Structures are given as structure tokens and as C-alpha cells.
Number of protein chains: 2
Amino acid sequence: MEDVKLLGTWASPFSYRVIWALKLKGIDYEYIEQDLSNKSPLLLQSNPVHKKIPVLIHSGKPISESMIILRYLDESWPENYPLLPADPYERAVARFWIKFAEEKLTSAFAIFRTSGEEQEKAVKESLEVMKTLEEHAFGLLLLQEKAFFGGDKVNMVDLAYGVMGYWLDAVEDCTGVKLMDPLKFPLFHGWVNRFNEAPVIKDNLPDREELFAYFKRRREMIVSATSS
Amino acid sequence: MEDVKLLGTWASPFSYRVIWALKLKGIDYEYIEQDLSNKSPLLLQSNPVHKKIPVLIHSGKPISESMIILRYLDESWPENYPLLPADPYERAVARFWIKFAEEKLTSAFAIFRTSGEEQEKAVKESLEVMKTLEEHAFGLLLLQEKAFFGGDKVNMVDLAYGVMGYWLDAVEDCTGVKLMDPLKFPLFHGWVNRFNEAPVIKDNLPDREELFAYFKRRREMIVSATSS
């Protein structure tokens, strides 16, 4: 058996990106839950620059950042369920949308941490990002008659945007902000529903009630800290 | 001959990343200078999402974002001067530092666009980023007794940080802010000097006087716009 460990936290969408890739590729691994309020020596030593999860440790060698871990898994286990297209041009297009996810989805999660004017700014930014995705990314899927970026099954681009399912719902629930309007973003909304029901993904999502309760508690702590 | 076009602007460090990669790989290309104050239909149609340079157009197919272009070049011309290590783990480490460059070097360029408190914040952030690089990235080179991230020649990581040579000098010159202190960042400083003198790089840099004059004019426009 391969020596693969994953340092993560149960409610993190970024941990789930790695879990999905490991499960899709059928790689056995040991999951080690981290307490970010009291960071373990293993985490600090494995990711000394950012000190963040997820970290994958393969035969003692640590790799940080969820999308970099996914590329590593894809290059180290190229035969099991390839996560990127084979053609260099299609790979470049996939990377373009992965980079867009890495840079732009943060505004949706900023809504969770902010209030008032700052939150309004994050809402405005998120809606612009979602509009661009609706037109250019999910619009392309429609044109190509694809269910997922990987065609009839999910690939690395789908995993990058998977955070916009359960976790966006949780952010909307605890803040009262509604971003995912099925009338405004019908293609994006349709993709989220398909993603949540896709093989492997559907069986590897956190418990919805627990996730919502956790986000609610965290949100209450943030609001009481900023209003006192 | 391959049909390769590069849309860029002469003073952009991000255009130069692509130029360096094309030259290192010995790929012939047509360079098409862009006027960003009056964007060409070709640019708008090639990069409809960001509307930014550089864009590479290979046989009619456009690819945006400098580091994504470099990966495309490396995958499409794998035999000519590979830009990433062959080993998956070393590739992951290289990608970690490339992502760090993409996310963190912007603060150094923010100094150019800002004044007062906002500029002080950007200076503080830049110095922290440079400290991390000195310790973790350039420190690793020292440990491994390497001149460049690519060993004895430059690779994709070196090209990502190449913007911290001429262009940081130009930002320092026109703002009066000094970031690159050789006593504080001796390893980083030494690498910059080696990079600027490396084969291919040294012959493909903008004219220093022209670059400094251009940054000075642009800076004066920014300062007069914000102080009026």
C-alpha cells in the first residue's frame, strides 16, 4: 500500500477537493483531522510557508495547496482516472478556469467573514464572478453539450468549482445573502446539482446539517466579535 | 514554421516571461505590440474574460495568462528546453513557488500604483513576501547549491520571479521606495543578478533607460491624478 496521508479539517471545501481526487483515483490514504486553533507540529513542519490545510504527505514528502496536490496526484497516478484532458490546448483551457477559481471564488467566502459595506462589496464581486462563469465557463459546457468540464464525468476543473455547491449553500444559509439564483445563473445552478449527484462526489460530502450548524456557529462568533 | 503569435506590450514583465520561454525553447513567433488604452479586436476576442496581455495564439487558438502560456509551451514543445523538472514531487515544489509568485508579487507592483498609507501597507506586505522567499525559496537554492531553480540554468520558477529584477528596479526608481536591500536579502539579490546575466535572458530584456523613463512618466500621471 502507498504511504499517503492527508491533513485536513472536516468542514473545509479545500480538504474535500483532495478527498474527491483520491477517491476518484482509488488511492488509499490515511486522513488526519487538524485543529487549526492549535496547529500540530506535523502541519507546521509540512507547510511552513502558509501553515494551512490541506497537506498531502506521500512517502514522507509534503505537498501543500489543494490544486497543486490534485496536479501531483494526476502526475503520480496518471493511469487511474486522469483529471486533465490529454490535449495541451484543452489542458491550457482547463488551467485557465482552475486559476480563475483559485483567484475569484474567495469573494464568495469573504461574505461569510464580513458585514455591512465590506460584505456588500464582496456580494457585488461574487455576482460579477458568477456572471462571468455563467457566460464563459458554463456557457461553453452548454455549447459543447457536456454535463461536466470532464465531459460525461467530473475532472479537475469540476473539482475546483465543487466548493460552490454545499459550501456556498452553507454561506448563504448563515449570512442570509442569496447569490445562487437559478433564474440568473441557470447553467451554473444546473451544474452544481449534477456535481453534487455525480458518482464518488455524492458519497463524499460532509453531512449537510452538521456543515450548516458549524457555519452558523462560526458566523455568530464573527458577528459578535465585530459588533462588540 | 509554426504559426505562433504573441500579443504583448513592450514594458510588461508578463510579456517578457513568455518571450523568455519562447526564446529558450527556440520557437519562432510573431510579436504584436498592443495598445492597452485602445484594445484591439484581436485582444478582446482572444481574452474575453480578462482582456489582458500576454496572449499567445498558436495556430489560431488563444491562450491567456503568462504562467499558463509557459505550461502550454512546455507541454507542446516538450523536447526543447524543458521548463519543469521531470519528477512529480519536484514539479509540485516548482508549482508551489510559481503559485506563490502569481499571488504575492502583486504587492510589489502595488507600490507603483499607490501613495501614502496604502503604499506603506504594500511596502510592508512586499517585505514580508521577500523575507519568506529569502528564507524558504532562495534558502533552498543555497542548501542545494543551485544557481537557479532549474539548477545550472533557468526554469519556469526562475521565469516567474524574473519580474523582480529590472521591473522592481524601475518601481523603486520612480517611487523612491527601496525594497531590495542586499544586506537583508542577500540570496534573493544574488539570484536577481545571476538571472539578469543568464544566457537568453540577458539578450531579451527591455532597454533599461527606456523602461525607467516609461515607469517615471506613468508614475507622474498616477501621482498627479490622485493628488488633484
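Author: A search of the whole structure turns up zero disulfides over all chains, a disulfide being a pair of cysteine sulfur atoms within 2.5 Å. This is a predicted model, in which local features need pLDDT of at least 70 and side-chain atom pairs count only at pLDDT 80 or more, while totals for chains, interfaces and linings use all residues. Residues are numbered from 1 along each chain as its sequence is written, chains are lettered from A and ligands numbered from 1 in the order in which they are written, and side-chain values use heavy atoms, with hydrogens and water left out.

Helix H1 of chain A, covering residues 13-25, has 13 residues and reaches 18 Å from its first C-alpha to its last, close to the 18 Å expected at 1.5 Å a residue; that expected span is 1.5 Å times one less than the number of residues, and helices are DSSP runs (H or I, at least four residues) numbered from the N terminus. At the start of H1(A), a side-chain oxygen of A:Ser12 comes to within 3.0 Å of the backbone nitrogen of A:Phe14, and just after the helix A:Gly26 takes a positive phi of about 65°.

Because 11 of the 13 residues of H1(A) are buried, the helix is largely enclosed by the rest of the structure, where buried means under 20% relative accessible area with a 1.4 Å probe, protein chains only. Among the buried residues are A:Tyr16 and A:Trp20, and these two also belong to one aromatic cluster that includes A:Phe138, A:Tyr166 and A:Trp191; rings of Phe, Tyr and Trp (its six-membered ring) pair if their centres lie within 6.5 Å. The charged end of A:Arg208 sits over the ring of A:Tyr166, 4.9 Å from its centre, a term that requires NZ of Lys or CZ of Arg within 6 Å of the ring centre and within 35 degrees of the ring normal.

How values were computed. Helices (H or I, at least four residues) and strands (E, at least two) are DSSP runs, numbered from the N terminus. Buried means under 20% relative accessible area, exposed over 50%, partly exposed in between (1.4 Å probe, protein chains only). A polar contact is a pair of N or O atoms within 3.5 Å; within protein, one must be able to donate a hydrogen and the other to accept it, and residues adjacent in sequence count only if both atoms are side-chain atoms. Rings of Phe, Tyr and Trp (its six-membered ring) pair if their centres lie within 6.5 Å; planes under 30 degrees apart count as stacked, over 60 as edge-to-face and the rest as tilted.
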